[in-house]
Amino acid sequence: MNSLMCILKKELKEVFRDKKSLSMMLIIPIFIPLLVFGMSALFESQVNKDVNEYNRIGFSYDLSAKEEALAKEMDIKVISGTEKELKEDYENGDIDLYVVKNKNEYVLNGDDNDTTSYALSLVNSYFSTYKEMLQRNYLASNNIDSDVLNIITVKENISEEENYFANYIINYAFLFLIMAITVSATYPATDTTAGEKERGTLETLLTFPIKSKDIIIGKFLSVTLSSIITGIFSLLLMLGSLYLVNGMFKIYDGVNLMLSPMSILFTVMVIIAYSFLISGLCIAIASKCKTFKEAQSALTPLTFISLFPGMIAFMIDIQSTTLLSMIPFVNYTLIFDGIINGNADILQVILMFVSTIVIIGIVLGIIIKQYKSEKVLFSN
């Protein structure tokens with residue numbers, strides 16, 4: 001135990017003295033508030049887009065007095081011209097959409113872009129209202145009760161789901177938290193393994209009466225602790241930014257973005273479990289490399305592997321199951337999603353920890369075996 005603690009202290013001192021390690025631990029999490037504020041501002045601008053940004057509509061025919069009144073009522077700026085002129089205006093950005101009439105057929109012309117989509121929705125509403133107006137006028141002129149248009153009644157009984165924007169922001173903030181932990185684990189894991197081989201300090205360390213197992217566990221725990229610190233720091237930044245944007249943007253009206261104390265506790269447990277897993281994997285991969293640069297190259301794919309499974313699971317709305325709770329990388333995101341939605345399964349949380357412990361045990365066993373092989377240990 002004394003040997004293990006000595007190794008742990010040595011490694012922690014090196015981590016906290018090294019500016020690059022500290023920058024990886026502290027700088028990457030700062031991107032989480034930037035993500036939360038940036039995406040919130042983007043969603044706000046899209047949802048609350050002013051009608052004057054997409055209401056310049058071209059018409060290749062003369063509108064009647066009723067049509068002009070309806071267009072004015074719906075804040076549509078009518079631009080008249082021939083089809084050719086309107087097409088040129090659209091391509092020059094002078095109008096947002098143009099309508100061409102052929103008898104009773106109206107064709108809405110434009111490209112598939114953000115502004116046109118808003119203009120398309122506006123013009124569709126215009127023609128829907130205009131069509132209903134013509135139908136009622138026709139029925140009235142033929143002495144037919146206009147209630148025939150309401151021959152059936154459709155009512156909606158759809159239960160309101162959680163705020164989409166809130167779930168999106170919280171989940172992606174957590175994914176960035178996972179990425180921050182991964183990045184913070186790669187540098188110290190590389191430095192304490194391949195870096196020591198390249199500098200020749202590992203040979204000196206092995207001359208001391210310390211077991212290989214103590215050396216590995218000490219290095220592993222130091223990387224894990226630095227990862228946990230990064231994770232907790234990232235979580236604090238995430239909670240702080242969620243608290244601030246909650247009162248700043250209208251898209252979150254009536255929604256409480258803050259996690260409950262129990263959810264925060266479960267999230268900390270997920271952070272600890274993930275930190276143990278990623279630290280073990282980083283040390284296992286870096287231990288096989290003979291130079292610092294080689295180890296960095298070998299660990300680069302791990303950053304993407306840690307991020308994309310959870311991102312894909314969130315995007316296609318995969319629900320956590322007993323089996324998925326034991327699959328690395330996917331399980332952490334799915335369990336966190338269950339935590340924020342208030343339906344976390346304690347059994348799945350336990351299985352996540354069990355699977356993580358099993359994987360760590362296997363990884364540490366492989367690393368300890370590597371450290372008994374001179375071919376793996378020494379660069380020459």
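**Annotated spans, salt bridges and patches**

Author: The UniProt record, an unreviewed entry, lists residues 21-43, 169-189, 220-244, 264-286, 298-316 and 346-368 as "transmembrane region". UniProt positions follow the numbering used here, feature names are shortened, and annotations may be inferred rather than shown by experiment. This is a predicted model, in which local features need pLDDT of at least 70 and side-chain atom pairs count only at pLDDT 80 or more, while totals for chains, interfaces and linings use all residues. Residues are numbered from 1 along each chain as its sequence is written, and side-chain values use heavy atoms, with hydrogens and water left out.

Reader: How far apart are the end C-alpha atoms of residues 346-368?

Author: Helices (H or I, at least four residues) and strands (E, at least two) are DSSP runs, numbered from the N terminus. The span 346-368 is 100% helix and 0% strand. Its end C-alpha atoms are separated by 33 Å.

Reader: Which residues form the nonpolar patch on the surface, and what is their accessible area together?

Author: A patch is made of residues with over 30% relative accessible area and no salt bridge; like charges are joined within 9 Å, and nonpolar side chains (Val, Leu, Ile, Met, Phe, Trp, Tyr) within 5 Å. Accessible areas come from the Shrake-Rupley method with a 1.4 Å probe, and for residues only the protein chains shown count as cover. Leu347, a member of the patch, is placed in helix H13 (residues 346-370). The patch consists of Ile346, Leu347, Ile350, Val354, Val358, Ile362 and Ile366, and together they have an accessible area of about 620 Å².

Reader: How many salt bridges are found in the whole structure?

Author: Side chains of opposite charge can pair when their charged atoms come close. A salt bridge is a side-chain nitrogen of Lys or Arg within 4 Å of a carboxyl oxygen of Asp or Glu. A search of the whole structure gives a count of two.

Reader: Which parts does the pair of Asp96 and Arg56 tie together?

Author: The closest N and O atoms of Asp96 and Arg56 are 2.9 Å apart in their salt bridge. The pair ties together parts 40 residues apart in sequence, because Asp96 lies in the loop between H5 and strand E3 (97-102) and Arg56 in strand E1 (residues 56-59).

Reader: Is Asp96 buried or exposed?

Author: Buried means under 20% relative accessible area, exposed over 50%, and partly exposed in between (1.4 Å probe, protein chains only). Asp96 has a relative accessibility of 4%, so the residue counts as buried.

Reader: In which helix do Arg136 and Glu132 both lie?

Author: The side chains of Arg136 and Glu132 meet in a salt bridge of 3.3 Å, N to O. Arg136 is partly exposed at 28% relative accessibility, and Glu132 is partly exposed at 38%. The two residues are four apart, about one turn of the helix, and both lie in helix H6.

Reader: Why is helix H12 largely enclosed by the rest of the structure?

Author: Helix H12 covers residues 330-340. Among its buried residues are Tyr332, Phe336 and Asp337.

Reader: Which residue just after H12 takes a positive phi?

Author: The phi in question is about 75°. The residue that takes this value, just after H12, is Gly342.
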